[in-house]
Amino acid sequence: MCGIVGYIGDKEAYPIIINGLKRLEYRGYDSAGVAIVDKRTKIYKKKGKVNELEKLVYNKDVSGNIGIGHTRWATHGEPNDVNAHPHTSENGHFTVIHNGIIENYSRLKKRLEDRGYNFVSKTDTEVLANLIEFIYIKGKGEIDAEQAVRLALSKVIGAYGIVIIAKDEPDKLIAARKGSPLVIGIGEGEYFIASDATPIIEHTDSVIYLNNDNVAVIKKDQLTLKTIGNDKREPLIQKLSMDIGSIEKNGYDHFMLKEIFEQPKSITDTFRGRIAADLSEIRLGGLHEVMPKLENAKRILIIACGTSWHAGLVAEYLIETIARIPVEVEYGSEFRYRKPIIYKDDVIIAISQSGETADTLAAINIAKEAGATVVGICNVVGSSIPRETHAGVYTHAGPEIGVASTKAFTAQVTVLTMIAILLGKNNNKISEKKYLEYIKELTDIPSKVEEILKSDSLIKEISALYKNASNFLYLGRGYLFPVALEGALKLKEISYIHAEGYPAAEMKHGPIALIDENMPVVVIATQDNSYDKIVSNIQEVKARNGKVIAIVTEGDTVIKDLADHVIEVPKSHEAIAPLLTVIPLQLLSYHIAVMRDCNVDQPRNLAKSVTVE
Ligand code: G6P
């Protein structure tokens, strides 16, 4: 939610910042803005995407070697030019960009208004800018900009990643973090600041991830790190392993399509080094220390949001079936506010692509306070959740830029499948033979996904027939019920067609009333234990003239005779089938969205990383 970029050095800041904003646009695209420091601070901001800002700035003076930029996902105040960041304090002393939410902003605003401050925008960020200025002016030359920032932040409740320009100290940027991520890239006589590493990687691979409560004062050749309480901190410099190709479209029309087609590779990357070359064992180094806790857990609680929650639902089937440990799956947002019962011997698995989702993070903290062991499954290295959890596994899917999650989902399910198989084996719930069979099945997945991707043109043809539908129903049973939910979510997110996922048998308790000749029903019906039952469900849909698009196991002849369209996937064990059957659903939603002229990579109102509750 909101992307932040900053630069200080000898180069022109504007091109670096605008490129960085384009990389971060997936975090929000309601408005964009820059502030460039030269002899004065020049601010340009505009409602809409970064290219609207570029049009505004065309032919204007953007020279200067220090600057900040912001791309916004609106929380306080509608998306318009005035509410766009940066925000400058009333007397011009401080210019601020902010990602996060100041929860006590209305109280702070009232106090500032009582002291004569006027506000031009509806944002919480302008309150912060004015609060810093108020403290600075009140200090009557006794305190510097950094002190004013720290004192102001000590009064703020909420989450923030901020970067600040101080008019009286134009040789520096001040950055601070609580809750919302900030990464600082270290160059030769220059520093780069961003919400994540994607704008930084083309300049340097040396970075510092700010911790909560950190305040960094950054000059072009010097960085000092403190806490808000003024304790000095040693910056921990880390190396990025990301490569620049992974954040480019590489010839694909959209990031989403690239990411769908990348899945044979990303799944391989997820199990690389974790499955022995001779396929004799699974090794999850990140879980080594907590493995006894997992094996002896009376219960595993899975916490996540969005697509990651669907991966959690797949894991419920996997872990309960294969390892026989009870599992509950929770939305982070519900868990954190419903006074959950948490036992010390519970193990919590938090799943998050970004590692920054506010509700998931808050739920983790509640579980930790209750004394439970918390394991993270995240994609973004160095993000907040891996730092907050006791142990974890990175999914290593590579940067996911498309707002609708695709390869991150299959990577999460791959990790969760490995965990389930390992627990099943360690707890003697599956035989050695079965363990080896599962491992083999998993390693066959990338080539099977490759096969499915060859159906892309068939799926495109089917998409053309249904692109104008107003509703879709997705049905699946067992392991494939969460896949139905995920298929429906993908369609809703990017094509704005209403879609619902249902356990196929539950259709009779409601959605069947919706079925007529205009209702496309996507049925995930590969050959497994409930095959006969799902065939009956397809018949029920056909009896009411619904249109059936079925995802079937290759060679299936029964459903071919019943369904309007079939998309085949290679045969697999039913526990592995989610990794295969989700691929055609991703492609279906992608093609329908493109045909409806929707912005696939940046769907309206959504953001990739939801750092507000
Ligand atoms: C947003 C994204 C989804 C994602 C969800 C959870 O809604 O648009 O794609 O599944 O957040 O995000 P996380 O990073 O925690 O997996």
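How much space lies in the largest pocket? The volume is about 880 Å³. The structure is a predicted model, in which local features need pLDDT of at least 70 and side-chain atom pairs count only at pLDDT 80 or more, while totals for chains, interfaces and linings use all residues. Residues are numbered from 1 along each chain as its sequence is written, and side-chain values use heavy atoms, with hydrogens and water left out.

A pocket here is an open set of points on a 1 Å grid over the protein atoms alone, where a 1.4 Å probe fits and protein lies on both sides within 12 Å along at least five of seven lines; lining residues have an atom within 4 Å of a point. Its volume is the space filled by probe spheres set on the points, which are joined across faces, edges and corners.

The lining of the largest pocket consists of 45 residues, and those nearest its centre are Met 242, Asn 379, Val 381, Gly 398 and Pro 399. Strand S11 (206-209), strand S15 (238-239) and helix H7 (263-271) each contribute at least two lining residues; H7 gives the most, with 3. Helices (H or I, at least four residues) and strands (E, at least two) are DSSP runs numbered from the N terminus. Domain 1 (3-240) and domain 2 (250-452) each provide at least three residues of this lining, with domain bounds taken from an automatic or database assignment. By class, the lining has 14 nonpolar, 16 polar and 15 charged residues. Nonpolar covers Ala, Val, Leu, Ile, Met, Phe, Trp, Tyr, Cys and Pro; charged covers Asp, Glu, Lys and Arg; the others, Gly among them, are polar.

The second largest pocket holds about 530 Å³ of space. Of its 27 lining residues, Cys 305, Gly 306, Ala 607, Lys 608 and Val 610 are the closest to its centre. Its lining takes at least three residues from each of domain 2 (250-452) and domain 3 (454-601), and divides into 12 nonpolar, 10 polar and 5 charged.

The backbone comes next. Most residues other than glycine have a negative phi, and most peptide bonds are trans. The bond from His 85 to Pro 86 is cis, with omega near 0 degrees; Pro 86 sits in the loop between strand S4 (66-72) and strand S5 (87-88). Asp 213, in the loop between S11 and strand S12 (214-219), has a positive phi near 80 degrees. Asp 213 is partly exposed, at 35% relative accessible area; buried means under 20%, exposed over 50%, and partly exposed in between (1.4 Å probe, protein chains only).
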